[in-house]
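Welcome, and please open the model in your viewer. We will go from one selection to the next, with a short note at each stop.

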Amino acid sequence: MLFGMPSSASSPPDQVSVVIPAYNYAHFLPEAIASVLGQTWAALELIIVDDGSTDDTAAVCARFSDSRVRSVHQANAGLSAARNTGIREAHFPYVAFLDADDRWEPGFLDAVMHEFKRLGPEFSAVGTACARMNSSGELLPPPRQNFLHTGELTATAFCLRNRPLSSSVVVRRNVFEECGNFDPTLRSSEDRDMWIRLTGRGHRFFYLGEPLAVIRRHPQNMSKNAPRMKRNSGLVLRRAWQAGAVPRWRFTFWLRAAAIHYFLVAWTHFDDGFLGRAWLYLLISMALWPCFLRADLVAEPPLFRLRAAAHFLRARS
């Protein structure tokens with residue numbers, strides 16, 4: 001436990017509460033913790049929320065004697081609820097999120113906090129690009145093209161795609177008092193839902209195109225569930241439409257958003273081995289919006305759905 005932690009009222013304005021929700025990831029957790037404690041930006045506390053783990057998560061937390069580290073245990077309630085517990089436990093003005101199977105580069109917080117200082121109080125969140133690693137922690141090749149560049153992200157961008165990922169985002173803590181916390185009924189896309197609500201209420205979100213967070217790809221990823229991803233992503237988009245995050249009268253935008261949704265759903269079903277459903281959702285995407293003349297505006301290469309179709313066809317041979 002962390003003793004003598006100052007209250008938020010007396011905390012310097014540049015201190016960060018880092019929240020790691022952990023559920024049965026004891027084998028990955030030490031690397032995540034070490035990446036936080038190894039930050040060049042040392043003004044932080046680390047809150048590990050043990051979400052009812054049945055493995056050695058508690059023992060892993062106990063191994064770290066750094067006074068900035070404390071752990072909180074709760075009955076298993078899901079990723080959103082664990083993040084919300086971390087927010088409630090946070091003492092500092094900024095809250096950063098890191099999943100237990102991911103890690104940060106040493107300069108992550110330093111770069112993000114300098115962006116907050118440069119941008120001023122108008123900006124409520126800063127996120128960075130992400131690199132990828134395999135289950136052993138070895139870096140994977142970057143995507144062939146990155147269409148997302150340094151600059152502001154709006155509700156329009158978040159309605160089109162889920163970016164950036166929560167492990168690369170730092171938020172001013174007072175934003176949650178206005179916008180609410182993560183929705184515990186969502187078992188995926190909960191970060192996208194939060195960023196849409198945040199920007200839909202006028203809070204500004206800046207994206208730094210340098211890959212300073214590293215996302216682990218492995219078979220136990222929570223995102224590896226195509227039907228759940230489809231259900232939750234669709235629900236988040238419907239909520240955004242109902243809330244007017246992007247005006248409802250922009251009918252063509254919402255058609256494009258739906259087309260991208262079904263395109264991504266097609267890929268998740270393909271990756272999970274549901275080839276028939278993958279084809280169905282790809283065709284729905286094409287029917288909703290037949291041609292993207294500027295595919296880069298939706299972070300895809302030219303003719304991206306035809307490329308997907310060719311890939312699906314090769315998988316059958």
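Start by selecting F158 and F205: both are buried, which here stands for under 20% relative accessible area, with exposed meaning over 50% and partly exposed in between (1.4 Å probe, protein chains only). What you have open is a predicted model, in which local features need a pLDDT of at least 70 and side-chain atom pairs count only at pLDDT 80 or more, while totals for chains, interfaces and linings use all residues. Residues are numbered from 1 along each chain as its sequence is written, and side-chain values use heavy atoms, leaving out hydrogens and water.

Keep the two rings on screen. By the pairing rule (ring centres of Phe, Tyr and Trp, the last by its six-membered ring, within 6.5 Å; planes under 30 degrees apart are stacked, over 60 edge-to-face, the rest tilted), there are 19 aromatic pairs. F158 and F205 make an edge-to-face pair, 5.0 Å centre to centre with 65° between the planes. F158 belongs to helix α5 (residues 155-160) and F205 to strand β9 (residues 204-216), so their pairing ties together parts 47 residues apart in sequence. Helices (H or I, at least four residues) and strands (E, at least two) are DSSP runs numbered from the N terminus.

Then show R83: its charged end sits over the ring of F182, 5.2 Å from the centre. Such a placement requires NZ of Lys or CZ of Arg within 6 Å of the ring centre and within 35 degrees of the ring normal. For another example, select R256, which lies over the face of W289 at 5.5 Å from the ring centre.

Next, centre on W195. Setting aside residues up to four places away in sequence, W195 touches F158, P164, S166, V169, V171, F182 and F205, where contact means heavy atoms within 4.5 Å. W195 is also, with C159 and V171, among the residues with the most contacts inside the largest nonpolar core, which has 56 residues. Helix α9 (residues 251-271) gives this core its largest share, nine residues. A nonpolar core is a set of buried Ala, Val, Leu, Ile, Met, Phe, Trp, Tyr and Cys residues joined through side-chain atoms within 4.5 Å.

For a last stop, select E45 in strand β2 (residues 44-51). Is E45 buried or exposed? E45 is buried, at a relative accessible area of 0%.
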